[in-house]
Every structure is written in C-alpha cells, then in structure tokens.
Amino acid sequence: GRCLAQPDDDAAPVPFDALTAGPERLDHQLRQALPKREGLSPASLHHLRIAAKKMRYLTEFISGHYDSQATGPWLEWLKKAQAVFGVRNDRVTAHARIEALCTGMEHAGKLQHTLQAALRGQAQADLSLPPIPEPYWRS
C-alpha cells in the first residue's frame, strides 16, 4: 500500500513557508505563557504543554532545513519543557484526585492530610527551565 506520509500524485506540495509559520505562532504562545506559568490554571498549563509538544514535533519535522546547532537547543529545551509541564500536571491531578477521594468521607481531613503529605514527600523532579532559546527559524 501507499505510505500515509506520501502525498497524492495530484496533491500540490505544501509550501515551506506554510510550515515555518507554525513555529512563530507556537513560539509566541510559549513566550507569553512562560513568565506566568506558576499561576496558570491546570487547563492553561495543559495547553502550554500541548503547545510545547506541537512545537517539538514541528521542529523535528522541519529540522532538516535548518542548522542542527540552531534546532538542537530548541529540541532539548522542548523535551525539558514537556517533562516539567507533565510533572506539574501530574501533581495538580493527584491533588485533585485526593481531594475528590476524601470528599464526603468520615475523618477525611486526616486521610487527606496523610495522602497530601505522602505526595509532597515523593522525590521532587527539577522543575526549573533554562531560558528559552533564540528562534532557530530566524537564523
């Protein structure tokens, strides 16, 4: 069968400019949200994680058209960002589930306190991010 990634014979090729518009938009989203990430809602943090994931996949896809010294730092930063945002999301989800589990239970306060303390006591991943690299598509 035909490879799914292979274009139809009649299909017009996707202009490279159309692909490079994506990084600009995603870069803008990331740069706007990063300074505020500590105060973001779980939904906004999830959207930030998805933007980083899209940027990573797009960068991997078009990286052959750029110098690897320009795209390499971006890919490393995006991998770290996805991991950081994922851990933050997991923590928020765990806290919410603990709260939901304990809602309406007799003596829930003590159980909730114990579970939250156990969660805080887990090994903490490094959730810092280095500065976002300069846009590779502008070099």
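Residues are numbered from 1 along each chain as its sequence is written, and side-chain values use heavy atoms, with hydrogens and water left out. In this predicted model, local features need pLDDT of at least 70 and side-chain atom pairs count only at pLDDT 80 or more, whereas totals for chains, interfaces and linings use all residues.

**Exercise 1.** Determine how the rings of Tyr-66 and Tyr-136 are arranged, and where the two residues lie.

Solution. A search of the whole structure finds 5 aromatic pairs, where rings of Phe, Tyr and Trp (its six-membered ring) pair if their centres lie within 6.5 Å, and planes under 30 degrees apart count as stacked, over 60 as edge-to-face and the rest as tilted. For Tyr-66 and Tyr-136 the centres are 5.1 Å apart and the planes stand at 80°, so the pair is edge-to-face. This pair links distant parts of the chain, 70 residues apart, with Tyr-66 in the loop between α2 (42-62) and α3 (68-102) and Tyr-136 in the segment after α4 (108-121); helices are DSSP runs (H or I, at least four residues), numbered from the N terminus. Tyr-66 is buried at a relative accessible area of 18%, the term meaning under 20% relative accessible area (1.4 Å probe, protein chains only), and Tyr-136 is buried at 1%.

**Exercise 2.** Classify the pair formed by Trp-74 and Trp-77, and state which aromatic cluster contains these residues.

Solution. The ring centres of Trp-74 and Trp-77 are 6.1 Å apart with planes at 70°, so this pair is edge-to-face. Both residues belong to helix α3, where being 3 residues apart separates them by about one helical turn. Trp-74 is buried at 0% relative accessibility, and Trp-77 is buried at 3%. Together with Tyr-66, Tyr-136 and Trp-137, Trp-74 and Trp-77 form one aromatic cluster.

Terms used:
Buried < 20%, exposed > 50% of the residue type's maximum accessible area, 1.4 Å probe, protein only.
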